[in-house]
Amino acid sequence: GIWSFHTRPICSAPALPAGRITALQALDVWKRHFEEKGVTEPEHSSQYIIAHLLGAKTIESVEPQRLTEFLSKEKTEQVWQLCIRRLSRSWLNWCSQICRRILELQRHTKHAWKSVVVLVPFLSVC
């Protein structure tokens, strides 16, 4: 139906690792999580964030040895913060899709306000 695109919660995030992880491990965790949450370009998104935190523009320009070194606790927290921000942008995209659907309904019916009532419980997911 009209609301079928919202079946996955978007804003949940994997737990911050208890131990240290490498940049490649963080990249893999977030790539898989982005895929599960339906984020567009999950691999590119995770690569861009990791590259940025390692001081490069692309993952290809990061020295290979740096990808296998353990991240500091601070860098790991920064990865999680930026990836969560990326997820929240997906959430905003999801909300804008709902708003577009409501506007489409308004064109076809006088009862579009009922769609807003359906929307309200989903806005508290995050």
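This is a predicted model: local features need pLDDT of at least 70, side-chain atom pairs count only at pLDDT 80 or more; totals for chains, interfaces and linings use all residues.
A polar contact of 3.1 Å joins the side chain of R86 to that of S45. R86 belongs to helix α4, while S45 is among the buried residues of α2. R86 is itself buried, yet it has no salt bridge. Its nearest side chain of opposite charge is that of E41, 6.4 Å away. A salt bridge requires a nitrogen-to-oxygen distance within 4 Å, so E41, at 6.4 Å, does not qualify as a partner for R86. Leaving out residues up to four places away in sequence, R86 touches F34, V39, T40, S45 and I49.

Helix α2 comes next. It has 12 residues and reaches 17 Å from its first C-alpha to its last, close to the 16 Å expected at 1.5 Å a residue. Its buried residues are P42, S45, S46, Q47, I49, I50, A51 and L53. Just after α2, G55 takes a positive phi of about 85 degrees.

The charged pairs remain. The structure holds two salt bridges. One is formed by D28 and R32, whose closest N and O atoms are 3.0 Å apart. Because D28 and R32 are four residues apart in helix α1, about one helical turn separates them. An α-helix has 3.6 residues a turn, so residues three or four places apart point the same way. D28 is partly exposed at 34% relative accessibility, and R32 is partly exposed at 40%.

The other salt bridge joins the side chains of K31 and E35, at 3.7 Å from N to O. These two residues also lie in helix α1, four residues apart, about one turn of the helix. K31 has a relative accessible area of 21% and counts as partly exposed; E35, at 42%, is partly exposed as well. Side chains of opposite charge can pair when their charged atoms come close. R86, by contrast, is buried and has no salt bridge, but its side chain does have the polar contact with S45.

Terms used
Residues are numbered from 1 along each chain as its sequence is written. Side-chain values use heavy atoms; hydrogens and water are left out. Buried means under 20% relative accessible area, exposed over 50%, partly exposed in between (1.4 Å probe, protein chains only). Lys and Arg count as positive and Asp and Glu as negative; His and the chain ends are not counted. A polar contact is a pair of N or O atoms within 3.5 Å; within protein, one must be able to donate a hydrogen and the other to accept it, and residues adjacent in sequence count only if both atoms are side-chain atoms. Contact means heavy atoms within 4.5 Å. The expected span of a helix is 1.5 Å times one less than its number of residues.
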